[in-house]
Amino acid sequence: MKFFLAAVLIVALVLIGYYCYKTWKEKHRLSRIVGQILPVGWLIVFVNLISLLTTSEVICSITYSIYFVATDWIAYLLLKFSIDYAGSKFGQYVKKRLMLALLILDSVSVLLNTVFGHLFRLHPVILFGNESYYELVPSPFFYIHYIIIMMLVAFCLITLFYCSAKAPVFYRKKYFLIGLMTSAIVILNIFTFSSAVDVSVIGYAVEGICIYYCALVYTPQKLLQKTMFQVTQNMSVSLFVLDSEGKRIYSNKCAEQLLDREKPVTDIDGVPIEQWCSNRYLNYNEQFIEEQTFYRGEEEMILKIQLQRVTDAKQHLQGGYFVIQDRTEEMNHLKEEQYLATHDSLTGLYNKEKFCKESKKYIRKYPELEFLVICVDIKDFKMMKDALGTKIADIVLKNTARMLKEDLKGGVVHGRIGNDVFAVLMPKKNFKEEFFEEQTSEDYLKGAGEEFAFPVVSHVGIFEVTERDLSVSVMCDRARMAISTIKGDYHKRIAYYDEEHRKDMIREQELVRDLNKALEEGQIKMYLQPQMSVEGKLLGAEALVRWEHPEKGSIQPGEFIPLFERNGLVSDIDRYIWELACKQLKAWKELGRDDIYISVNVSPRDFYFLNVYRIFMDLVRKYGVSPKNLKLEITETAIVMDFDRQIDLITRLRRTGFIVEMDDFGSGYSSLNMLKDIHVDILKIDMAFLKKAKDEERSKKILQMVIGLAKQLGMPVITEGVENEEQVAFLTEMGCEMFQGYYFAKPMTVEEFEATYF
Ligand code: C2E
Ligand code: CA
Ligand code: CA
């Protein structure tokens, strides 16, 4: 029997030792206190083992003393544990210091028993035939020690049972279990502590393991289950679980809606989603995530489906679950954003970036096709917007978009690539010029309500895609470049890009770039072309600009004046030439030749950008020349543009003494009617006007009439572009008094002029 008991205790020692080791490695809130309880428990079992095996009364007495001290401390630790463990409020009532003091005193007293024997004595007995044991004979003082321990244990039990009653149902079990174990030990102990064989010792081992398990390992399964259930039920994604045969064994609320047979969600072939999933689950051996389009009636749903399989250790399928996320809204939002980023919101056409991208794809996709990039630009759009308002302007834009997309057949990609610029990519074989020629102002203004005086016209530039690797953006630029050649030509609507355009544009850009330097460095020169009387006497000269470019050589005004008129830089040149003219007049005056004048050109743009009156006044004052010697050539265009203001300005200039000449009469609007309203000093007629006409005789008659009318209005006439004697003769006969032209002399440098005429 003794050896059997010893074996049991050894097993208990090994077990407690093992759990001690595990506890020390554990990182848990309670592992410290559990790590203290277990060694003390181990000590109790150990000293009992010695007591059991020893035959010496002294050793036995010592081990018994240690055993009692250890029970003191284990009771204390248990109380501490239950307070910590259960987080109980009882902690505050336990006076720890007092208790410690009591325990220390008791421990010392118990240990001294070996010497004084004041608590207990040992009494040898023979049991189980011939096995000798020691029995404990307590003295009355022993019960003081016993009461202390019982007090601690009582506290401990109260805490545990209290918590067990109060705790949520899932936790109740563990407090109760420890409480029960402790009670069992106490009861056993009451009956056996004095007997030779104290069975309660084994209880310590069991309780130690029990504490370890409850405090550090146990998690309430039911709680977990319930929590998981709640979490999955309320998830915003659908979740359902299948068994190994593909039968659904669980689904959350979301999934139930999705799998609802009343309102079935099916794939494009009409297969219900549940079946779709089950097929996948049974027929494919892998986990997957997929995005799939499903339908509930007409409504489209984009679902992200995820399958997770559950297998056992041997990889046998046990079940699986599907997580399905409804991404419809997200995807629609994304689509909408993509749409907004790639489309023009007003017309619904592609924006420039998207147009280029799509066109590029198209051109690549059909290498056998020849393509055109067609750009359509609404003429004077800004002016129209000012005149008719934003609302009407928007209607015009929408109509243009509609016409290009619907009425114009054969276009494959359509875009609005600028404020009032549209682009179409079209296979060359589909293109018909007539479409663009037939568009009327009414087509553009359709739906605008009333009739408008402002005619809406568009210009079309076409680039033939010869180099397919060119970026579409450049192709558009080229088509637009072609448009820029139309501007000014009233009847032309369509222009094709050719390589010359590009060269011209580049050259123009270079000229714009170089102008400032040219003015600073004196590359801009004033040439003079003489103006003669009928008698062949020199009257004066017209100042004509020349640009002596260091790289490009001498450049005629025809090459740069129209360009600078477009961008307004012409005013810089004019001011420069006017100043040169005045400087020249001053020099001549000093030579005593103030009988000849210089006639300067005033561009229509100058009236916009400059205070013409002020500048001329300042110039004549600065150089001390008479206004009479400075003639100003103004074109009809300048006057027509802002009639009242121009008339007023001309009147002021004339009153100050400047001579104002109407240049190029007969080449522009040329309304004879206008002549009676504008009072200029001289009318200048260009012979080119004659040359252009097919019927020369008829033109001559008109010329005759114009000259006659001018005479009647008291306006002298000068004809320019006179190239031969015959012209001089008939012009003289018609009443023309002054001439300018190659017949007399070509424009020349000031030096040549002076050398020839002075
Ligand atoms: P424009 O004012 O009508 O000048 C007359 C043009 O006719 C000059 O051309 C002149 O060289 C040319 N011409 C003179 N006699 C004959 C002739 O017998 N036959 C032919 N075929 N042509 C003749 P240019 O110098 O090339 O100037 C062209 C235009 O450039 C000028 O036409 C004028 O509008 C403009 N321009 C020239 N210099 C200036 C300037 O300083 N300022 C401004 N704003 N424009 C200028
Ligand atoms: Ca002129
Ligand atoms: Ca002229």
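In this predicted model, D663 places a polar side-chain atom 3.3 Å from an oxygen atom of ligand 1. R546 and D574 make polar side-chain contacts with ligand 1 as well. The table lists these contacts.

| Residue | Ligand 1 atom | Distance |
|---|---|---|
| D663 | oxygen | 3.3 Å |
| R546 | oxygen | 3.0 Å |
| D574 | nitrogen | 2.5 Å |

The protein covers 80% of the accessible area of ligand 1, which is 790 Å² for the ligand on its own.

The shell holds 21 residues, and Q529, R546, D574, E723 and Y742 come nearest to ligand 1. By type, the shell residues divide into 9 nonpolar, 5 polar and 7 charged.

D664 is not a glycine, yet its phi is positive, about 55°. Its relative accessibility is 22%, so D664 counts as partly exposed; the cut-off for buried is under 20%.

D380 is another non-glycine residue with a positive phi, near 50°. D380 sits in the loop between β8 (371–378) and α13 (381–388). Is D380 buried or partly exposed? Its relative accessible area is 37%, so D380 is partly exposed.

Terms used. Residues are numbered from 1 along each chain as its sequence is written. Chains are lettered from A and ligands numbered from 1 in the order in which they are written. This is a predicted model: local features need pLDDT of at least 70, side-chain atom pairs count only at pLDDT 80 or more; totals for chains, interfaces and linings use all residues. Side-chain values use heavy atoms; hydrogens and water are left out. Helices (H or I, at least four residues) and strands (E, at least two) are DSSP runs, numbered from the N terminus. Buried means under 20% relative accessible area, exposed over 50%, partly exposed in between (1.4 Å probe, protein chains only). A residue is near a molecule or strand if one of its heavy atoms lies within 4 Å of it. A polar contact is a pair of N or O atoms within 3.5 Å; within protein, one must be able to donate a hydrogen and the other to accept it, and residues adjacent in sequence count only if both atoms are side-chain atoms. Accessible areas come from the Shrake-Rupley method with a 1.4 Å probe; for residues, only the protein chains shown count as cover. Ala, Val, Leu, Ile, Met, Phe, Trp, Tyr, Cys and Pro count as nonpolar, Asp, Glu, Lys and Arg as charged, and the others, Gly among them, as polar.
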